[in-house]
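Please read it with the model open beside you.

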Amino acid sequence: MDRADPDYLSLLIVELDNPVIVTNANFEIEWVNPGFTRTYGYTLEEFVRLRGKSLFTASYNSNISRALNRAIKQRVVVKYESRNSTKDGREMWISSTVKPVFDGHGKLYKILIIDLNVQERKQMENRLALTDTILQSVGSLVLVADSKGEIVYVSPSVDRKSTRLNSSH
């Protein structure tokens with residue numbers, strides 16, 4: 001199957017696990033792939049009934065207008081993150097990639113949005129930030145080593161202590 005074949009490309013989008021949203025040039029949601037329904041739990045009809053057909057009302061990101069304007073005016077792909085809710089009430093962090101599509105005359109034709117669930121990454125970032133805050137508040141020397149014995153973290157107090165040690169010489 002030729003990669004430029006529209007059937008091949010359609011198959012990729014339909015089979016993609018990531019949610020894909022397609023809007024028209026008026027930012028009205030026209031289509032979502034099965035990955036959207038698997039991730040959020042909503043069919044297109046349910047989602048539109050709950051959040052509205054306009055991407056501006058449907059988006060969980062309050063800065064969606066800014067992202068869309070930048071993507072369209074600069075003709076670039078724009079990425080942003082937001083907290084979204086699923087049909088069953090779970091909240092998750094999503095990284096969205098917005099791609100404007102223009103017709104042969106340079107006029108906006110469609111908007112493609114591909115979402116990626118980044119909940120695990122966000123949770124890890126939060127744990128690391130908390131750990132960093134705790135370690136910075138510790139007045140003692142803290143070293144963390146990996147399973148090979150390589151030092152992967154040295155508390156900020158080491159700089160303070162080594163400065164004091166060096167200045168006492």
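Which residues have the most contacts inside the largest nonpolar core? Point 1 takes this up. Keep in mind throughout that the model is predicted.

1. **The core.** Phe-27, Ile-29, Phe-36, Leu-68, Val-98 and Ile-111 have the most contacts inside the largest nonpolar core. That core has 24 residues. At least two of its residues come from each of β2 (29-32), α2, α3 (44-51), α4, α5 (64-74), β3, β4 (91-102) and β5. Helix α5 gives the most, with five residues.

2. **Phe-36.** This residue is among those with the most contacts inside the core. Set aside its neighbours within four places in sequence. Phe-36 is then in contact with Pro-19, Val-20 and Ile-21, and also with Gly-41, Tyr-42 and Phe-47.

3. **Overall layout.** The chain has seven helices and seven strands. Read from the N terminus, the order is α-β-β-α-α-α-α-β-β-β-α-β-β-α. The chain has 169 residues, and buried residues make up 30% of them. Take the contacts with a separation of 6 or more: residues 24 or more positions apart account for 32% of these.

4. **The cavity.** How many cavities of 30 Å³ or more does the structure hold? It holds one. About 170 Å³ of space lies in the largest cavity. Its lining has 16 residues, and Ile-21, Ala-58, Ser-59, Asn-84 and Asp-115 lie nearest the centre.

5. **What lines the cavity.** Two or more lining residues come from each of α2 (34-40), α4 (55-58), β3 (78-85) and β5 (108-117). Strand β3 gives the most, with three residues. By class, the lining has 10 nonpolar residues, five polar and one charged.

6. **Ser-82.** Is Ser-82 buried or exposed? Its relative accessible area is 6%, so Ser-82 counts as buried, the limit being under 20%. Ser-82 sits in strand β3. Its side chain makes a polar contact of 3.2 Å with the side chain of Asn-84. Asn-84 is one of the residues nearest the centre of the largest cavity. Leaving aside neighbours within four places in sequence, Ser-82 is in contact with Tyr-60, Asn-61, Met-92, Trp-93 and Ile-94.

7. **Asn-24, burial and partners.** Asn-24 belongs to strand β1 (residues 20-24). Asn-24 is buried because its relative accessible area, 13%, is under 20%. Beyond four places in sequence, Asn-24 touches Glu-30, Tyr-109, Lys-110 and Ile-111. Ile-111 is also among the residues with the most contacts inside the largest nonpolar core. Asn-24 and Tyr-109 are 85 residues apart in sequence, yet 6.4 Å apart in space, C-alpha to C-alpha.

8. **Asn-24, polar contacts.** What does the side chain of Asn-24 meet locally? A polar atom of this side chain lies 2.8 Å from the backbone nitrogen of Asn-26. A polar contact of 3.0 Å also joins the side chains of Asn-24 and Glu-28.

How values were computed:
Residues are numbered from 1 along each chain as its sequence is written. This is a predicted model: local features need pLDDT of at least 70, side-chain atom pairs count only at pLDDT 80 or more; totals for chains, interfaces and linings use all residues. Side-chain values use heavy atoms; hydrogens and water are left out. On a 1 Å grid over the protein atoms alone, a cavity is a set of points where a 1.4 Å probe fits but cannot get out, and a pocket is an open set with protein on both sides within 12 Å along at least five of seven lines; lining residues have an atom within 4 Å of a point. Grid points are joined across faces, edges and corners, and a volume is the space filled by probe spheres set on the points. Helices (H or I, at least four residues) and strands (E, at least two) are DSSP runs, numbered from the N terminus. Ala, Val, Leu, Ile, Met, Phe, Trp, Tyr, Cys and Pro count as nonpolar, Asp, Glu, Lys and Arg as charged, and the others, Gly among them, as polar. Buried means under 20% relative accessible area, exposed over 50%, partly exposed in between (1.4 Å probe, protein chains only). Contact means heavy atoms within 4.5 Å. A polar contact is a pair of N or O atoms within 3.5 Å; within protein, one must be able to donate a hydrogen and the other to accept it, and residues adjacent in sequence count only if both atoms are side-chain atoms. A nonpolar core is a set of buried Ala, Val, Leu, Ile, Met, Phe, Trp, Tyr and Cys residues joined through side-chain atoms within 4.5 Å.
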